[in-house]
Amino acid sequence: MSLCKALLRLSGWKVDVTVPDYPKCIICVAPHTSNWDFVLCELAYSSIGRKAGFLMKESWFFFPLGYIFKALGGIPVSRKHKGGNLTSAIVEKFNATDRMTIAITPEGTRSRTSNWHTGFLRIAREANVPILLAVIDGGTKTLRLNRTFIPGDDIEADMKTIKDFYSTVTAIYPDKFTV
């Protein structure tokens with residue numbers, strides 16, 4: 001048993017993954033209500049022998065954590081500059097490589113919000129990559145990755161479908177989660 005599996009088992013979490021190991025994809029991770037979400041997801045994905053990069057608020061990239069997060073595949077995101085620059089940069093990275101997985105929390109915050117960011121849908125559509133819907137289920141203490149979503153041309157309809165998928169999930173902190 002790997003160290004990641006052992007740590008998850010000791011903490012009472014289970015991992016349930018049935019999606020293929022796509023060479024390129026985005027992992028949509030929700031609900032995101034705790035700082036532990038990152039640790040749990042890193043352990044879960046590593047426990048099945050896979051590696052994913054991730055977006056994280058740039059303020060977390062201070063010494064020495066910045067070096068650790070970058071080594072784990074972290075991409076710092078500035079909240080000061082809104083617009084398509086980050087989306088375009090990630091699409092370019094997808095187009096320039098044969099293998100890339102990136103995890104994104106569409107809520108963009110651990111606080112309660114129904115205003116989910118759509119950048120991950122734009123990136124997936126423009127880079128022509130699937131989206132894997134990852135669930136952090138605090139109710140059953142299960143980390144699930146069982147559904148592949150192919151985005152269409154209607155971002156609002158896609159977001160509705162994704163939010164409907166997550167609507168029955170119990171977050172680690174349920175009062176901080178809404179679709």
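Modeller: A nonpolar core is a set of buried Ala, Val, Leu, Ile, Met, Phe, Trp, Tyr and Cys residues joined through side-chain atoms within 4.5 Å, where buried means under 20% relative accessible area with a 1.4 Å probe and protein chains only. The model is predicted, with local features needing pLDDT of at least 70 and side-chain atom pairs counting only at pLDDT 80 or more, while totals for chains, interfaces and linings use all residues. Residues are numbered from 1 along each chain as its sequence is written, and side-chain values use heavy atoms, with hydrogens and water left out.

The largest nonpolar core has 28 residues, and those with the most contacts inside it are Ile26, Phe94, Phe120, Leu121, Ile131, Ile162 and Tyr166. At least two residues of this core come from each of β2, α4 (85-95), β5, α5 (119-127), β6 and α6 (155-166), helices (H or I, at least four residues) and strands (E, at least two) being DSSP runs numbered from the N terminus; α5 gives the largest share, 5 residues. Taking contact as heavy atoms within 4.5 Å, and not counting residues up to four places away in sequence, Ile26 touches residues including Phe94, Ile102, Phe120, Ile123 and Ile131. Apart from this core lies another, of 22 residues, among them Cys4, Ile27, Ala52 and Ala103.

As for the whole fold, the protein has 6 helices and 7 strands, in the sequence order α-β-β-α-β-α-β-α-β-α-β-β-α. Of its 179 residues, 40% count as buried, and residues 24 or more positions apart account for 70% of the contacts with a separation of 6 or more.

How values were computed. Buried means under 20% relative accessible area, exposed over 50%, partly exposed in between (1.4 Å probe, protein chains only).
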